[in-house]
Amino acid sequence: MSTCQPFAVMRLTHEAIRSGLNDLENMLGDEAEIPWESARKSFDQVSQCIKLHAAQEDLEFYPHLEEKEQGISHDFTKDHQAEAAEIRSLNADLNYGKSAETDQQTLRNRLLAFIAKHREHLANEEVVLLKKLPELFTYFESVDVVRGILGHDINAFENMQLPWVYERLNHDQREMYKAMLKGCSPDDRYNKFCQIMDGIEKPSA
Ligand SMILES: [Fe+2]
Ligand SMILES: [Fe+2]
């Protein structure tokens, strides 16, 4: 994949989500000493990114895929629906759990199950959908679709997803992400995107 293929934004968002899921999993590692407040914040952030990513896919990406190959995205939309319900329930339990005698072992197991299931969802999308994109879309079609994805909820993208994703990418991934944004930014938002990215520290490694 060349460094400026527009759909790299989806793949790199998956990488950032994987990194967020790894952080959460690490917090849940020691059953006896789970930092619940940090785990709650970590789940809140990764699940916000997952929800926006799913909405971008359902509303701005899958409809274009369906025009090319009917039914190709149906299983993934079902995953998103099940996942949205589980996110609501987990957020409620995590927020409630501090004061109530919530069964923490059960909550930990549900979070670990969510992490495993979402990793599977990301991998399946990559194997089934992302691999097929070069044969389904021309470069110019890809730019249009990605522009729609970024513009789906531009405020949520700029305030939450862009900084959260960018922070989790390594140097080379950041270069690729930036190149893609440059080609696909809706309504000349690239300068604003750059201001946001420039405010994020360089990756440590
Ligand atoms: Fe998805
Ligand atoms: Fe995805």
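Analyst: Two residues are in contact if their C-beta atoms, placed from the backbone, lie within 7 Å. The model discussed here is a predicted one. On that criterion Val 165 is in contact with Leu 12, Thr 13, Ala 16 and Cys 49, once its neighbours within four places in sequence are left aside.

User: Which residues touch the most other members of the largest nonpolar core?

Analyst: Val 165 is one of them, together with Ile 17, Leu 24, Phe 43, Val 46, Leu 90 and Val 146. The core contains 37 residues. At least two core residues come from each of α1 (8-27), α2 (36-68), α3 (74-97), α4 (104-129), α6 (139-151), α7 (154-167) and α8 (171-184).

User: Why is His 53 called buried?

Analyst: The C-beta atom of His 53 has 21 others within 10 Å, and the class requires 20 or more. His 53 is therefore buried. The residue is found in helix α2.

User: Which residues does His 53 touch, not counting those up to four places away in sequence?

Analyst: His 53 touches Thr 13 and Ile 17.

User: What makes the packing of α1 against α2 roughly antiparallel?

Analyst: The angle between α1 and α2 is about 160°, with the axes 9 Å apart. Angles over 145 degrees count as roughly antiparallel, so α1 and α2 receive that description. α1 passes α2 in a left-handed crossing. On the α1 side the contact is made by Thr 13, Ile 17, Gly 20, Leu 21, Asp 23, Leu 24 and Met 27. The residues from α2 are Ser 38, Ala 39, Ser 42, Phe 43, Gln 45, Val 46, Cys 49, Ile 50 and His 53. By class, this contact has nine nonpolar, six polar and one charged residues.

User: How do you know that Asp 23 is partly exposed?

Analyst: Asp 23 has 16 other C-beta atoms within 10 Å. A buried residue needs 20 or more and an exposed one has 12 or fewer; the value for Asp 23 lies in between, so the residue is partly exposed. Asp 23 has its place in helix α1. Between Asp 23 and Ala 39 there are 16 residues in sequence and 8.8 Å in space, C-alpha to C-alpha.

User: What makes Tyr 177 buried?

Analyst: Tyr 177, in helix α8, has 24 other C-beta atoms within 10 Å. The threshold is 20 or more, and Tyr 177 is therefore buried. Not counting residues up to four places away in sequence, Tyr 177 touches Val 9, Leu 12, Tyr 166 and Leu 169. From Tyr 177 to Val 165 the C-alpha distance is 9.6 Å, at 12 residues apart in sequence.

User: Why are Asp 187 and Asp 188 called exposed?

Analyst: Asp 187 has 10 other C-beta atoms within 10 Å, and Asp 188 has 7. A count of 12 or fewer defines the class, so both residues are exposed. Asp 187 is in the loop between α8 and α9 (190-198), and Asp 188 is found in the loop between α8 and α9.

User: What is the phi of Asp 187, and what is that of Asp 188?

Analyst: Phi is near 45° for Asp 187 and near 50° for Asp 188. Each is a positive value in a residue other than glycine. Most residues other than glycine have a negative phi.

Definitions and conventions. Residues are numbered from 1 along each chain as its sequence is written. Chains are lettered from A and ligands numbered from 1 in the order in which they are written. This is a predicted model: local features need pLDDT of at least 70, side-chain atom pairs count only at pLDDT 80 or more; totals for chains, interfaces and linings use all residues. A nonpolar core is a set of buried Ala, Val, Leu, Ile, Met, Phe, Trp, Tyr and Cys residues joined through C-beta atoms within 7 Å. Helices (H or I, at least four residues) and strands (E, at least two) are DSSP runs, numbered from the N terminus. Axes are lines fitted to C-alpha atoms, for helices over the stretch in contact, and angles run from 0 to 180 degrees between N-to-C directions. Angles under 35 degrees count as roughly parallel, over 145 as roughly antiparallel, 65 to 115 as roughly perpendicular and the rest as oblique. A crossing is left-handed if the near helix is turned anticlockwise from the far one by less than a right angle, and right-handed if clockwise. Ala, Val, Leu, Ile, Met, Phe, Trp, Tyr, Cys and Pro count as nonpolar, Asp, Glu, Lys and Arg as charged, and the others, Gly among them, as polar.
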